[in-house]
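Thank you all for coming. I would like to walk you through one model this morning, going from single residues to the wider fold and back again.

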Amino acid sequence: MSSKKMKMDKCLKPLQKASVGTIVWGKLGSYQWWPGIIIKSSDCGQPEAKFGNLWLFWFGDHKISEISRKKIIGFTLNFLQIYVGISGKNLQKAVFEALEVLANRCSYHFENTEVLISWAKKGFQDSDEALILSTDMPTSVLKHLECLLKSSTKASESNDADSDSNSAVQVFNTNIPLRMVREGSLKIQEMCIACYENEIEIVDYHPLFDGGLCFQCKERLQENMFAYGNDGKNMCCSICGKPGSLILCDSKNCHRYDLNSYCPLAF
C-alpha cells in the first residue's frame, strides 16, 4: 500500500454503530474499500460471526464475507475521502447500488447516476440524517440473501456440506484478484488461478488455461491431473487439482473433454 493511501486510511472516520442493515465501507487485505451492508448470518445460512467480526453483503459482487469490525467504517461519513480514489467499473457499480439504497430510504429522486453522485458528494444534501442511518434491509439485498440461504441449505444436505459451505463463504475473497484482472490492474499470468492468490510467487504457467500457478498448486495439479474415475472423467478439478464436488462439462467438442472437471468455485 502506498504511503498516500496509508495516510488517507488513518484519516477515515470509524463506524459508530454496527447494526444489521447499516451501509458501510469494508476492506479486505490491501484492496480498495468496497461498499457493503451488515447482514444477519442466519439470513444467508452461515454460522454466527466470530467475536469481533460481522457478516457483510457486498454491493456489486453480491457475495458475502465475514470481516473484522476493524475493517469496517461508516459509508456516508467517509464517502468523499474514499470516492475520489476509487477505480474500476465494478466498484463504480457497487457504489451506485449502495447510493441507490440510501436514496430510496430518503425518498430522494434522481434522474441519472451523475445526479446521485453529486448528491452524495454534497454530503447527502437536504436529507434527513435519521433516514440516512436507517437500517431497513433493501428488498434487492433480501432476494440475494434468500438465494444464498437456499444454496447453503442444499449444500448442508449433501455429503460434501462442510467443504461446499466453507467454499461459499470464500467466494468474495477469491474473486478479488479476478476482479483486478477484469479491471486491467492485474495480469492473469501474475496470479495463481488455482488458489486465486496474487500476493504469492508464480513459478509456472497453467498447462491448460491462461494464468499462473504457485509452487504448491503446481505440485498438486501435477499429481492429480490424470487421475481418472470409472466414468473416464478426471476425479480432480482441472484448474486447481483438488478432489471433491465437481462440475462436469458435457461438450464433446471441447478440446479438453477428458480433463473437463471443475470445482464449483471455478464458476
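Let me begin with a question: where is the place of Phe96? Phe96 sits in helix α3, where helices are DSSP runs of H or I with at least four residues, strands are runs of E with at least two, and both are numbered from the N terminus. Before I go further, please keep in mind that this is a predicted model, in which local features need pLDDT of at least 70 and side-chain atom pairs count only at pLDDT 80 or more, while totals for chains, interfaces and linings use all residues. Residues are numbered from 1 along each chain as its sequence is written, and side-chain values use heavy atoms, with hydrogens and water left out.

Phe96 counts as partly exposed because its relative accessible area is 22%, given that buried means under 20%, exposed over 50% and partly exposed in between, with a 1.4 Å probe and protein chains only. Leaving aside neighbours within four places in sequence, Phe96 is in contact (heavy atoms within 4.5 Å) with Phe110, Thr113 and Leu116. Phe96 and Pro35 are 61 residues apart in sequence, and their C-alpha atoms are 9.4 Å apart in space.

Helix α3 itself, residues 89–105, lies across β1 and β2 (34–39) and runs at about 50 degrees to β2; axes here are lines fitted to C-alpha atoms, for helices over the stretch in contact, and angles run from 0 to 180 degrees between N-to-C directions.

That brings me to the sheet, an open one of five strands in the order β4-β3-β2-β1-β5, with antiparallel pairing, where two strands pair if DSSP finds at least two bridges between them. Its edge strands are β4 (64–68) and β5 (72–74), each of which pairs on one side only, and the twist averages 50 degrees from one strand to the next. Strand β1, residues 23–26, pairs with β5 in the antiparallel sense over three bridges, and the bridge partner of Gly26 in β5 is Ile72.

Is Glu190 partly exposed or buried? Glu190 counts as partly exposed, because its relative accessibility is 40%. Leaving aside neighbours within four places in sequence, Glu190 is in contact with Asn198 and Ile202, and its C-alpha atom is separated by 8.8 Å from that of Leu213, which is 23 residues apart from it along the chain.

Let me finish with the chain overall. There are nine helices and nine strands, and buried residues make up 41% of the 267 residues. Among contacts with a separation of 6 or more, 46% are between residues 24 or more positions apart.
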